[in-house]
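Subject: Structure handover

Hello,

Here is the structure for your work, followed by notes on what was found in it. Please read the notes with the coordinates open.

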2 protein chains.
Amino acid sequence: MSHERRTERPDPPAAWLPSTPVAPKRVLTPQADDFPRWYQDVINRAELAENGPVRGTMVIRPYAYAIWEHMQAEVDARLKATGAENAYFPLFIPEEYLTREAEHVEGFSPELAVVTHAGGNELEHPVVVRPTSETVIGEFMSKWIQSHRDLPMLLNQWSNVVRWEKRPRIFLRTSEFLWQEGHTAHASEEEANRYAVRILHEVYADFMEEYLAIPVIRGRKIPQERFPGATNTLTCESMMRDGKALQMGTSHELGQNFAKAFDIGYQGADGRRSLAWTTSWGVSTRMMGGLIMAHGDDAGLRVPPKVAGTQAVVMVVRDDDHDRVGKAARYLAGDLVGRGIRAKVDDNVDTGFGRRATAWELKGVPVRIEMGPRDLDEGVAVIVRRDSGEKTPVPTVEVAGRVAELLDEIQQALFDEALSFQQSRTADVATVADAIEAGATGFARLPWSAVGDAGLDELGKHAITVRCLLSADGGVAESDDGDDLIAVVGRSY
Amino acid sequence: MSHERRTERPDPPAAWLPSTPVAPKRVLTPQADDFPRWYQDVINRAELAENGPVRGTMVIRPYAYAIWEHMQAEVDARLKATGAENAYFPLFIPEEYLTREAEHVEGFSPELAVVTHAGGNELEHPVVVRPTSETVIGEFMSKWIQSHRDLPMLLNQWSNVVRWEKRPRIFLRTSEFLWQEGHTAHASEEEANRYAVRILHEVYADFMEEYLAIPVIRGRKIPQERFPGATNTLTCESMMRDGKALQMGTSHELGQNFAKAFDIGYQGADGRRSLAWTTSWGVSTRMMGGLIMAHGDDAGLRVPPKVAGTQAVVMVVRDDDHDRVGKAARYLAGDLVGRGIRAKVDDNVDTGFGRRATAWELKGVPVRIEMGPRDLDEGVAVIVRRDSGEKTPVPTVEVAGRVAELLDEIQQALFDEALSFQQSRTADVATVADAIEAGATGFARLPWSAVGDAGLDELGKHAITVRCLLSADGGVAESDDGDDLIAVVGRSY
């Protein structure tokens, strides 16, 4: 593609750097004023999602769904690397399945949606819309597993689930959400534990840190906070920019509870029959909420490059004759795409430049490349980083290479920023009283032995909960009790 | 990895070629005896799927789900290439939405599943589990589309839908199934038509022929067979190995019916408001049924290489000392994987070789590579094609390259075989009586003008329907009537 000859018409008077408004009109409620409202504003203005027509449900719009697809692809690849295989189990579950495991039914019964009519008739046995597929997968594992040679059985499913929410909030708590749920059966407790721990670290925490650029604290849930039916719940906890915790993903050991309830047994090499040990684990569209609240700022979303649907947008600032700038912009975008960068062109010059720049900021596209007629004459384009706002004129021929480097830098910068924020808002304290003070703006770490039942109650009065337990060295606690355990506490979503 | 030294122990007496049983024990009902039973047998024995606990639902097992994932990936890439963007709309739809478009509600009401209780209470307004998302997407398009600049809007969704089935059949008719549904809005009828036609050819038919190796007839549905609310339904029809037709995918023009019902309008460049023209289109897990029935034979499934989860399996026939053959097999599999071939090793020598070979045949893995101690000494492995059964000893060093070529050959051979089968079972006839005769074993093509209402009734008595209308030159008919149109008729699933 060749550039058109330079126009004879002088460029209109304008600053040399394209004029993004210095003090843009406020498009969002500032985070410091009202964080929940900022969150809702971003979701609306960046066209991420909307409430569905049935209360508590959500519509995920293309811009957010593209991010979810990148999350899915990476989590899926990591799950497959651990040996898990994808399958699909039905949406509808007999009510009776949920009652087989006592804790499980108690955990879910207030949240169930029930189908009573279908095919024009009232159903003889109403069916439940899955709140999770634990039970139905247990039922089939029981059929499929006969011998020790069938173990481990490592299944995963990507699906929608329904848990009726009284106080819904888009991405964080919706009556329907999308997730993956893994369910495995093993011959020994030790192996089940090893696998649940592997999912926690290699699949979830590492993905969240490397891809979502969100530092996570990996720990053990206290018994009161476990998944219904689990003997051990491992969690990834992260800090949002209001200092509150978000549980981003969990990995559960279920002991033999579900194996007993669903008769998941196997014949060993010695011919004796034993019960299996099962695990389950999941991450959901809730991670989208985490991504928004861990990185967003007063100008909007900041999407980590690795999961961005659009990593770079080439903006035609203003065009002159014969679409000269448009052509150059499309040529550059083609170059970026050729390097594997997810790039697009914004040549919608009918809309004011400032308004468009603001919109891309709102959407959090990691890199903007601004090109105007004068830039083209000078042989440069201006690269704008969304994370820092930094603007750099770069010779046109170097732009594509520079953008590729920048995407890595931005990925790292977002992580570093989130990590230092989390660290600056986390206090090491010795008493529940000090933990309550620290918990007003962030997390506190304190000796678990200093909490006790009375301490839990006291924290609860301030809406503070134990997010997880760590061992003395900061690793995942390996038991519910122990003198040297550390409790991480904070307010949470 | 180095091979162990050759064992001194002589090979056991065995035919030079590994002993796959010449007349294997019948594991499936032969197709010619009872095709529906053969279908169900394959689904069970190849571990593709099972009935779910709630009648009409299905569990898709990992082997089949991997094939579905390859189908999804390719269809998704093709949809994105047309400009469609993925999004997600809720499972639950207000009942009232379905009644807005008269034909639509009539089409679906006997199939709906209704949630009447949720969150522990009876719902004031019962909600429907989506049978399709036409209505809810229409509702949101109405909000999102304001100006002609918002058009075309090209949305797609991968999801589960529910249509209560009285006579369920796995993959073909299940109360819940997985699919993609696309919904688009355009400024003109012509543009909507062009897009619906593009989906038919570039996304669906081409994918089915290139990836599923299933030849399809592309045509127009007669008014009685259209999607509820559509003004034109385009279809991909294929022939199964019992001569019956399977509708594999459809693309609909909805005219302005949904735009009217949901008020999907836009302001033109001239400032005047007009109604949009919408389309919708979908393919589902039903394609799995098509894949099974278009290619399977009396030994089981035959999976086209492009969508096979496992393209090649390296079988350790029998091992001698120190896992010598096992090591060579794993080395070869590594080589195959390195070339991008989805390969795995079967070194489960505790199970008899014949039984394992039969199992891989059942599952329809395109290529088996058999390696035994004697083969290794001779420096060869035996490649077995699933499609033709042909066995060829090949020098070990050439195996990987040969397998890569074979996968292409098998892909083509399966298509060619299906095409000549379809052609051999399709008769050109002039009368309804002759069409009825031809329809007993396959398809008939006859002048549409020779059918008429009486002809439709007559065909119907023999369970024969018009699959689609073609133009005189064999292309897609562009109207419902016309002297030179050709009707393709047959029995169908």
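**Hairpin and sheet around S11(B)**

In the hairpin made by strands S10(B) and S11(B), 5 residues lie between the strands, and Gly243(B) has a positive phi near 85°. Helices (H or I, at least four residues) and strands (E, at least two) are DSSP runs, numbered from the N terminus.

This is a predicted model, in which local features need pLDDT of at least 70 and side-chain atom pairs count only at pLDDT 80 or more, while totals for chains, interfaces and linings use all residues. Residues are numbered from 1 along each chain as its sequence is written, chains are lettered from A and ligands numbered from 1 in the order in which they are written, and side-chain values use heavy atoms, with hydrogens and water left out.

Strand S10 (residues 232-239) of chain B runs antiparallel to S11(B), and 8 bridges join them; two strands pair if DSSP finds at least two bridges between them. Opposite Thr233(B) stands His252(B) of S11(B). S11(B) also pairs with strand S14 (residues 277-284) of chain B, again in the antiparallel sense, over 4 bridges. There, Ser251(B) has Trp281(B) as its bridge partner. Strand S11 (residues 245-253) of chain B is mostly covered, with 8 of its 9 residues buried (buried is under 20% relative accessible area, exposed over 50%, partly exposed in between, with a 1.4 Å probe and protein chains only).

**The five-stranded sheet of chain B**

An open sheet of 5 strands has the order S16-S15-S17-S18-S19 in chain B, with mixed pairing. Its edge strands, each pairing on one side only, are S16 (343-346) and S19 (391-395) of chain B. On average, neighbouring strands of this sheet are turned by 25° against each other, direction ignored. Axes are lines fitted to C-alpha atoms, for helices over the stretch in contact, and angles run from 0 to 180 degrees between N-to-C directions.

Strand S15 (residues 312-316) of chain B is parallel to S16(B), and 4 bridges join the two. One of the pairs is Ala312(B) with Ala343(B) in S16(B). Two helices lie across S15, S16 and S17 of chain B: helix H9 (residues 324-338) runs at about 170° to S15(B), and helix H10 (residues 353-363) at about 175° to S15(B).

**Between chains A and B**

Contact (heavy atoms within 4.5 Å) involves 54 residues of chain A and 54 residues of chain B. About 4,300 Å² is buried between the two chains, with 63% from carbon and sulfur atoms; buried area is the accessible area (1.4 Å probe) that two parts lose on being put together, summed over both. Pro53(A), Tyr88(A) and Phe92(A) supply 15% of the area that chain A buries against chain B, more than any other three residues.

There are 4 salt bridges between chain A and chain B (a side-chain nitrogen of Lys or Arg within 4 Å of a carboxyl oxygen of Asp or Glu). One joins Lys80(A) to Glu69(B), with the closest N and O atoms 3.2 Å apart. Strand S5 (residues 113-118) of chain A gives the largest share of the side of chain A that touches chain B, 6 residues.

**Gly326(A)**

Gly326(A) is part of helix H9 (residues 324-338) of chain A. Gly326(A) counts as buried because its relative accessibility is 0%. Leaving aside neighbours within four places in sequence, Gly326(A) is in contact with Val316(A) and Asp319(A). Gly289(A) is 37 residues from Gly326(A) along the chain, and their C-alpha atoms are separated by 35 Å.

Regards
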